[in-house]
Amino acid sequence: MKELLKQIREKAIAEIEASDRLDEIRIQYLGKKGELTAVLRGMGKVSPEERPLIGQLANEVRAEIEAALAKKEEEKAKKELENRLLSEKIDVTVPGTPFTAGHRHPLAQTEEMLRDIFIGMGFSIAEGPEVEYDYYNFEALNLPKNHPARDTQDTFYITDNILLRSQTSPVQARVMEQTQPPIRIISPGRVYRADPADATHSPIFHQVEGLVVDKGITMGDLKGILELFAKKMFGPETKIRFRPHHFPFTEPSAEVDVSCFVCGGKGCRLCKGEGWMEILGAGMVHPFVLSNCGIDPNVYSGFAFGMGVERITMARLGIDDLRLMYENDVRFLHQF
Ligand code: PHE
């Protein structure tokens with residue numbers, strides 16, 4: 001019986017060492033119908049003197065087999081963990097998946113450039129409402145009741161005296177009404193006109209208004225400011241040209257062109273052979289407008305200008321259809 005127990009021990013331990021099927025081995029030796037259990041069942045046949053010895057040996061064998069199983073199980077678990085750590089290894093130095101970051105819209109870029117340029121010249125930013133009184137959009141700016149620009153064809157009216165502002169000029173009137181000179185502001189913003197969309201028109205577009213009022217302001221100041229602006233915006237070689245024009249709220253008035261920064265004035269596709277591009281309207285603030293807004297035209301004078309952000313963006317980036325800027329097609333926007 002002793003021999004049998006020793007054999008069982010040897011065989012079991014050898015099998016445990018050689019195999020991974022530990023559960024099967026456990027059942028084969030230690031299970032209810034297992035080999036060791038069978039030996040213990042036969043204890044009745046053992047003489048009473050030998051019984052304690054055999055019993056002790058049987059317990060030892062059982063303990064050794066269990067210990068061998070436990071050791072092997074631990075090794076197995078350790079190996080599995082190692083394998084998992086190896087196979088699931090993460091290389092944190094591998095570059096990540098890049099995501100596409102957007103950028104500012106070309107119109108917003110232009111507006112920001114304009115803000116920077118004028119803030120650099122000491123202007124501050126003024127804002128006004130897009131839903132505006134007829135009074136500020138027209139009346140205060142010396143546009144009489146029968147002026148063609150007030151036509152419902154051009155202007156979106158909400159009521160008889162409330163409309164969507166058709167220009168940023170009403171901000172001039174609002175600022176002058178509230179501030180005594182010196183005044184030096186620009187006012188960027190959205191404006192509305194009942195124009196069907198085409199390559200150069202849109203019912204919504206953007207303007208930047210400028211206004212300077214102080215003692216002794218002349219047209220020379222206007223020219224100086226605009227020339228500096230043009231050089232900063234379009235390059236140091238840029239020239240400007242004033243053409244006589246009419247705006248009800250400035251006198252004298254001018255349309256202002258910049259020399260084409262692509263051909264330098266020789267004429268090219270961008271300037272349509274002209275050598276010049278019209279970018280803004282300007283003039284000396286009409287004395288009526290000053291006094292409408294509570295500023296004494298005998299003491300103060302000023303100039304104003306208004307430019308289209310779309311037009312400047314198209315010139316700056318060589319875009320030939322305004323509608324492209326409102327379609328939100330990333331293939332277009334990506335280019336700028
Ligand atoms: N408000 C004018 C326009 O929309 C532009 C302008 C502004 C002209 C200021 C003169 C002075 O056409």
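Colleague: What lies 3.1 Å from an oxygen atom of the ligand?

Modeller: A polar side-chain atom of Arg193. A polar contact is a pair of N or O atoms within 3.5 Å. This is a predicted model: local features need pLDDT of at least 70, side-chain atom pairs count only at pLDDT 80 or more, and totals for chains, interfaces and linings use all residues. Residues are numbered from 1 along each chain as its sequence is written, and side-chain values use heavy atoms, leaving out hydrogens and water.

Colleague: Which side chains have an N or O atom 2.8 Å or 2.9 Å from a nitrogen atom of the ligand?

Modeller: Gln167 at 2.8 Å and Ser169 at 2.9 Å. Around the ligand (a heavy atom within 4 Å) there are 14 residues. Gln167, Ser169, Arg193, Gln207 and Gly306 come nearest.

Colleague: What describes two packed helices?

Modeller: The angle between their axes and the distance between the axes. Axes are lines fitted to C-alpha atoms over the stretch in contact, with angles from 0 to 180 degrees. Helices are DSSP runs (H or I, at least four residues). The axes of helix 5 and helix 10 (residues 309–317) come within 9 Å and cross at roughly 100°. So helix 5 is roughly perpendicular to helix 10 (65 to 115 degrees; under 35 is roughly parallel, over 145 roughly antiparallel, the rest oblique).

Colleague: At what angle do helix 5 and helix 8 pack?

Modeller: About 130°, with axes 10 Å apart. So helix 5 is oblique to helix 8.

Note on methods
Helices (H or I, at least four residues) and strands (E, at least two) are DSSP runs, numbered from the N terminus. A polar contact is a pair of N or O atoms within 3.5 Å; within protein, one must be able to donate a hydrogen and the other to accept it, and residues adjacent in sequence count only if both atoms are side-chain atoms.
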